[in-house]
Amino acid sequence: MKKMNNEKAWAIGAHLVMILLSLLALAPFVLLVIGSFTENDWATANGFSYLPGEWSIAAYQYIAGSLGTIGKAYIMTIVVTGIGTLGAILVTTTFAYMLSYTQLPGIKLLNFLTVFTMLFSGGIVASFYVWVNVFHVRDTIWGLVLPNLFLNAFNVILVKNYYLTSVPDSLIEAARIDGSGEFRIFARIVFPLSTPIIATIGLMTGIMYWNDWTNGLYYLTARGGSQYYTIQLVLNQINQSISFLAQNSGSVTQAASLPTTTARMAIAVVGVIPILVAYPFFQKFFAKGITMGAVKG
């Protein structure tokens, strides 16, 4: 009886701690949303507060002035995220399937090279030269899809370990005895059994593509690649325009009317909303995929 009471007390304490940590993690985002609806002059004078003295939608009205550009950027971001995520899942899962063959000749070298890329890279200059002069991705949509994000060594290791621990070898051997080839085994057995880890790496990769703006900075020029601007690039451009207008406006009244402080908060809210909408659909797979993919059998 005493043991049961102790376990119950520990469970209650653990839940209270997790609730507290969840509230602490949620608090900055709540402040972000409230800050975006705060009147700019009040926020500048008093700072951001959970109970602002004055409310305003001026920041969103300013962003709405670029609604056409933002809408196009959202579509481009969805396209880039979709192509990049699907491509990354295909490449990652097939490469990890090959690495899961522990008896394959040269497999130790391939595993070493995979881990090596997590520790060392060619650097920005070398990567930029290769992507621009060899693969010619500059001012194309592939400049947002291929560099840096298309294949992630960490995701490959997660998926490989998931195959080793969660996909029964007996099923694969039985399929081989029945005459199935490797592509058929992968498509009919391994891939369907790997839903949790696929959803996990898909979510992480999708978030990386959605939030990425450095590839656009490197590989898209304003003259030749502006039609491929994603939402992060456009919002960053709006943010820079606000700062420029505030610093160089010839009219003091006009400069004061710009929502320079709260607009930055509104820009962050606009950029993060789609991720918040998509995450609940993947949450049930996330913990299971991370846990099983991180354990080596």
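**A tour of the cores and ring pairs**

Start with the largest nonpolar core of this predicted model. It has 24 residues, and those touching the most other members are Ile63, Ile70, Val80, Ile231, Val234, Leu235 and Ile238. Next, colour the helices that each supply at least two residues of this core: helix 3 (58-64), helix 4 (67-99), helix 7 (142-145), helix 11 (195-211), helix 13 (231-248) and helix 15 (260-293).

Now select valine 80. Leaving aside neighbours within four places in sequence, valine 80 is in contact with Ile141, Leu144, Val145, Tyr209 and Thr230.

Another core, of 20 residues, lies apart from the largest one. To find it, select Ala96, Val156, Val159 and Ile172, which are among its members.

Turn to the aromatic rings. The model has 11 aromatic pairs. Select phenylalanine 128 and tyrosine 219: their rings are stacked, at 5.7 Å centre to centre with 15° between the planes. Phenylalanine 128 lies in helix 6 (residues 123-134) and tyrosine 219 in helix 12 (residues 214-219), so this pair ties together parts 91 residues apart in sequence. Which of the two is buried? Tyrosine 219 is, at 2% relative accessibility, while phenylalanine 128 is partly exposed at 27%.

Move on to tryptophan 131 and phenylalanine 135. Their ring centres are 4.9 Å apart and their planes meet at 40°, so the pair is tilted. Tryptophan 131 is buried, with a relative accessible area of 18%; phenylalanine 135 is partly exposed at 47%.

Last, select Tyr97, Tyr101, Tyr163, Phe186 and Phe191, which ring pairs link into a cluster.

Note on methods:
Residues are numbered from 1 along each chain as its sequence is written. This is a predicted model: local features need pLDDT of at least 70, side-chain atom pairs count only at pLDDT 80 or more; totals for chains, interfaces and linings use all residues. Side-chain values use heavy atoms; hydrogens and water are left out. Rings of Phe, Tyr and Trp (its six-membered ring) pair if their centres lie within 6.5 Å; planes under 30 degrees apart count as stacked, over 60 as edge-to-face and the rest as tilted. Helices (H or I, at least four residues) and strands (E, at least two) are DSSP runs, numbered from the N terminus. Buried means under 20% relative accessible area, exposed over 50%, partly exposed in between (1.4 Å probe, protein chains only). A nonpolar core is a set of buried Ala, Val, Leu, Ile, Met, Phe, Trp, Tyr and Cys residues joined through side-chain atoms within 4.5 Å. Contact means heavy atoms within 4.5 Å.
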